[in-house]
Amino acid sequence: MRISRYAALPGDPPAAWPDWVPAGTRRRLDALNRLACCAVDGVLRGQPALSGETAVVVANSYGSVDATLRFIGSISGFGDHAASPTAFTTSVHNSSAGVLGELLQLHGPSTTISQGGTGGLSVLRWAQMMLAAGRAPAVLAVVGDRHVAWSREIVTRLSDSPWPIGDGAAALLLEDGPGPGRELRLGRHPARRCLDGGALLMDDERILAARSQGQERVRAPDLLGAWWPNCLLSALPWEQAEAVQLREVEDSHLMEAWLGPGTPL
C-alpha cells in the first residue's frame, strides 16, 4: 500500500472555500466540515479526479462541536419540535464522510472511526483492508478535529495536556501497487527515526519511550505546537526522503505503521 497524495492543515482553514463546494452547501457546513474539505482540496489540486469507486474513511474524536452546540441550543430554546435539522445533520460524527462522498460523487465504501489517540493509524488499517479485499481502487482518508473556545477550554482542563490543545486535519489518498508516493506498511519495520502522536497518560508515555529505544524519537505535538487526538498524521515528514516509524497509543493500546523512504512525485 502507498500514500499517493497527502495534504495537512494544522490550525485554521484557508479563507477561501474550495471551488468544488457549492455556495449553497457552504452556508450549511460547519467548521469541522470546512476544515475537512480544505484538507481534501490540497490532495485534489492539480491532480486527476478521483475514481467514483473511491472509498472514504474519516477519523475524528469530538465530532462537530459547534454544530452540536447549535443543535442543543435549538432544542433548549424552541423545544424538540423546533430542533434545527441543519445543525443536526452536521452534528453527527459521520457527517464529514457523507459530505465528502456527496460533493466528490464517490460511491465506494464509507465509514467513520472515533478511536481517540489511535484514530490516525486506525484509518490506515481500514484502508489497507479495503484495498486488500478489492472493495475500492483507492481510499480517501481524512483525520481531524475542530474546537470551539468552550470545548478547547474543557479539554485543556480535563486532559492535563503538556501541550496546548489544538486542532487540524490531514487528507491522504491510499492506493495499492506501484506508482508515485511513498510506501506504507502496518506494524514495525526498520527505521532510524520514529514519529509518534505524543501521550497524555504517563503509562502511555512510557510505552512510546520504551518502543523507540534505539531510534531518534520525534513527537508530533512538539512539531505542531499543539496536541489533538489525531495530530500524528498532520505532522507526517512527507517531504523527507528517509523512512520513519509511526506510532500512536491510547490507554496502553499501541498501533504502529511505517512510512517508506522516497520523495513524493
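How many helices and strands does the secondary structure of the protein chain come to? The chain contains nine helices and 10 strands, where helices (H or I, at least four residues) and strands (E, at least two) are DSSP runs numbered from the N terminus. The model is a predicted one, in which local features need pLDDT of at least 70 and side-chain atom pairs count only at pLDDT 80 or more, while totals for chains, interfaces and linings use all residues. Residues are numbered from 1 along each chain as its sequence is written, and side-chain values use heavy atoms, with hydrogens and water left out.

Of the 265 residues in the protein chain, 54% are buried (under 20% relative accessible area, with exposed over 50% and partly exposed in between; 1.4 Å probe, protein chains only). Among contacts (heavy atoms within 4.5 Å) with a separation of 6 or more, 75% are accounted for by residues 24 or more positions apart.

Beyond its neighbours within four places in sequence, Leu174 is in contact with residues including Arg2, Ile3, Leu124, Leu131 and Leu184. Arg2 lies in strand E1 and, at 10% relative accessibility, counts as buried. Outside four places in sequence, the contacts of Arg2 include Leu173, Leu174, Glu175, Asp176 and Glu183. The C-alpha atoms of Arg2 and Ala138, 136 residues apart along the chain, are separated by 10.0 Å.

The axes of helix H2 (residues 31–44) and helix H5 (residues 95–104) come within 10 Å and cross at roughly 45°; axes are lines fitted to C-alpha atoms, for helices over the stretch in contact, and angles run from 0 to 180 degrees between N-to-C directions. H2 is therefore oblique to H5, given that angles under 35 degrees count as roughly parallel, over 145 as roughly antiparallel, 65 to 115 as roughly perpendicular and the rest as oblique. The contact involves Leu32, Asn33, Ala36, Cys37, Val40 and Leu44 of H2, together with Ser95, Ser96, Val99, Leu100, Leu103 and Leu104 of H5.
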